[in-house]
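Thanks, everyone, for making the time this morning.

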Amino acid sequence: MAKRIDEQNHWHRLDNTANIFPVTTSKNESNVFRLSMTLIAPVAPELLQQALEMMLPRFPGFAVLLRRGAFWFYLNENNAVPTIREESDYPCRAINPAQNNDFLFRVTYYDKRINVEIFHVLTDGTGGVQFLRALCCQYLMLAYPTRFTEEEKAKHWYEQHVAETNDGYVSNYRPTKKTSFSIGKGYRIRGERLLLDTLSVVHTYIPLQPLLALCRGKGVTITQYVTACIAWGVYTTQLRKRPSKHPLNMYLPINLRKLFGTNTALNFFSNIYISLDMQADDLHFNEILAEVKKQFEEKISRGNMLEKISYTVGSGYNPAVRFVPLPLKNLALRIMFKQGAKSSSLAFSNVGDMSLPAPFAQYVTGASFLLSCVPREPIKFAACSANGLFTLSFASMLRSQEIQQAIVQKMAEDGLEVTIETNGVDYESV
Amino acid sequence: MKACDICHAQVTGTHEFCPLCGKRLQPAEPYGYTLPGNRYPDLSRISAQYNFMLRLLLFLSLLGGGVSVLVNVLVPTGFWWCLIVIVAEVYLWLTIPPLLRRARNYAKRLLFQTLLTALLMVALDFIIGWRGWSVSYAIPSLLCAGIVAIAAMIVFSRTNWPQYVFYQFTMGLLGFIPLVLYFFGLSTSIVMVLITAALGLGSVLVTVVFGDRSLKSDFRRRFHF
Ligand SMILES: [Zn+2]
């Protein structure tokens with residue numbers, strides 16, 4: 001195989017948010033997310049393997065392995081070949097590098113679906129979507145060789161440029177004075193757990209156009225509407241019956257690429273917390289939606305995000321942090337993370353449109369996005385869309401499906417045509 | 001297509017009951033948009049046999065250790081042989097699981113293994129009644145073997161040799177340990193000390209001279225701040 005990172009760049013640093021992931025990752029906390037594309041016909045494994053080997057050299061940020069330095073972790077180039085496997089486990093399980101030639105991502109398939117599961121150290125959802133798209137385009141060209149023109153086949157659909165392994169956080173860093181972004185403790189979602197590492201997956205399919213029309217009618221974005229629906233689901237099933245003095249804190253990652261006009265292939269996201277006080281027992285959905293919208297508009301501003309990233313980068317520049325040996329640094333990070341983790345009640349991420357470009361779109365029937373659960377946040381929400389279909393997916397460690405049900409009910413009540421699909425771990429089986 | 005009257009949603013797949021609320025599904029006219037039709041493997045059996053072998057081995061070794069302590073205490077022989085059992089078990093538990101977990105970077109494993117085995121030898125020497133053979137003979141021999149083994153890896157590995165250079169260098173530095181021990185009067189065999197130190201000096205020099213660029217770049221990535 002060809003060299004993927006040139007002589008000068010056998011390695012690169014972790015980007016500024018990635019530093020936290022190797023430290024906090026364990027079997028219970030995998031920090032892995034899954035992006036899937038469902039095709040019109042069953043996947044041919046040998047072609048998928050071939051497609052992966054063909055497109056990987058175009059994604060140097062993925063052909064790496066994680067190493068420990070004296071002061072920081074780093075990503076070293078990995079010249080081995082990753083192997084694809086048939087899906088045989090629950091989604092988003094921790095990546096064990098030893099099982100896959102030290103790679104930090106995993107490509108699996110099942111029936112018509114291609115999954116890419118990525119350790120967050122490598123990149124965020126947006127970076128992952130580019131990788132999955134490139135893989136699917138390459139696969140489709142191999143699977144239907146006669147249906148594409150020579151010109152289409154010769155083109156490199158999606159690739160990373162060396163410049164794109166620049167850390168967007170560092171290049172947008174401005175010194176800042178603000179020292180802390182901690183918020184208080186958030187409500188913790190309760191419920192009986194599923195056995196061991198069983199994960200329940202529910203996909204909710206909604207046609208995109210009616211959803212857009214509904215949101216436009218309410219004067220909100222899709223993400224704001226779905227965030228409000230999620231809050232509504234937790235409120236009606238848990239908080240209305242057992243009010244809590246802790247607010248419902250919803251963690252939402254925010255893609256910074258558009259905001260800062262960079263196109264890095266590494267992580268480049270920040271986050272906001274939508275924090276709702278839900279002690280009253282007579283809240284209406286529209287009140288929640290209005291509050292969600294208000295907080296979105298206040299919190300997502302370039303200035304606000306700039307302060308946040310400058311804080312993260314700034315602490316990495318601090319000599320007191322830089323020259324501390326890695327094990328001590330990890331210990332400190334772990335303690336800080338444990339403190340911070342208490343503020344979040346749940347997470348919702350909308351990665352947006354995952355459609356393939358025109359010549360390929362007709363071979364795809366849908367896409368989905370899943371986040372890994374952690375004991376502190378036993379249910380996570382992820383959304384994406386492709387080919388005019390919006391997919392909201394729930395990954396849950398909880399036995400009860402009441403929150404999912406309340407959200408689906410709410411959306412159906414608003415006139416949306418909702419179809420659900422599960423991974424078999426649901427009301428019937430447990 | 002089937003639908004749930006309570007959730008007001010349609011359900012794909014072979015469900016008879018609603019996956020969300022458990023109510024029996026009713027037949028319904030499909031909504032008319034294309035669905036992806038995702039299928040998932042049936043995993044209900046896999047999670048049960050989770051890590052069973054490792055737990056069994058842990059149980060057996062704890063049992064073995066416990067029994068040997070008990071026998072040693074009940075049948076006094078004037079010699080604490082159960083310590084050997086325990087040290088050996090600790091050694092195996094430190095050695096085997098990482099071997100199973102980490103498939104690659106053999107040079108790093110070898111370095112770790114050499115140091116661990118050296119400690120094992122010192123412990124055994126101590127338990128049997130200190131005669132110093134571990135420090136005088138075992139440790140120098142281990143280090144010599146380690147230096148030669150990494151050198152062989154570099155010679156025979158076509159793809160990964162640059163990353164081994166760093167370990168050859170580090171192992172070479174460790175080759176001076178017997179010399180230090182000799183000066184403190186712990187090691188008695190000057191021949192072993194000199195052989196190990198010579199090999200160590202050799203590998204440090206060779207890696208610095210010939211592996212110049214890869215050694216430098218390896219240092220840069222390992223010690224970047
Ligand atoms: Zn139902």
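Let me begin with one pair of side chains, those of Asp124(A) and Arg257(A), which meet in a salt bridge with 2.8 Å from N to O. Please keep in mind throughout that this is a predicted model. The domain assignment of chain A gives domain 1 as residues 11-150 and domain 2 as 200-351 together with 369-422, and between these two domains the count is one salt bridge. Alongside it there are 12 residue pairs in polar contact between domain 1 and domain 2 of chain A. On the domain 1 side, helix H1 (20-24), strand E2 and helix H3 (125-143) of chain A each supply at least two of the residues that touch domain 2, and by class that side has 16 nonpolar, 14 polar and five charged residues.

How much area do domain 1 and domain 2 of chain A bury between them? The value is about 2600 Å², with 64% of it on carbon and sulfur atoms. Within domain 1 of chain A, the residues that lose the most area to domain 2 are Val23(A), Phe71(A) and Trp72(A), which together make up 21% of what that side buries.

Staying in chain A for a moment, strand E3 (residues 64-68) and strand E4 (residues 73-77) run antiparallel and are joined by five bridges. They form a hairpin with four residues between them, and Arg68(A) in this pairing stands opposite Phe73(A) of E4(A).

Turning now to the two chains, chain A and chain B bury about 4900 Å² between them, 55% of which comes from carbon and sulfur atoms, and the contact takes 59 residues from chain A and 45 from chain B. Which residues form the salt bridge here? Arg39(B) pairs with Asp111(A), their closest N and O atoms being 3.5 Å apart. Several elements of chain A each supply at least two residues to the side that touches chain B, among them E4 and helix H14 (402-413), while the largest share, six residues, comes from E8(A). That side of chain A divides into 24 nonpolar, 19 polar and 16 charged residues.

Terms used. Residues are numbered from 1 along each chain as its sequence is written. Chains are lettered from A and ligands numbered from 1 in the order in which they are written. This is a predicted model: local features need pLDDT of at least 70, side-chain atom pairs count only at pLDDT 80 or more; totals for chains, interfaces and linings use all residues. Side-chain values use heavy atoms; hydrogens and water are left out. Two strands pair if DSSP finds at least two bridges between them. Contact means heavy atoms within 4.5 Å. Buried area is the accessible area (1.4 Å probe) that two parts lose on being put together, summed over both. A salt bridge is a side-chain nitrogen of Lys or Arg within 4 Å of a carboxyl oxygen of Asp or Glu. Ala, Val, Leu, Ile, Met, Phe, Trp, Tyr, Cys and Pro count as nonpolar, Asp, Glu, Lys and Arg as charged, and the others, Gly among them, as polar. Domain bounds come from an automatic or database domain assignment. A polar contact is a pair of N or O atoms within 3.5 Å; within protein, one must be able to donate a hydrogen and the other to accept it, and residues adjacent in sequence count only if both atoms are side-chain atoms.
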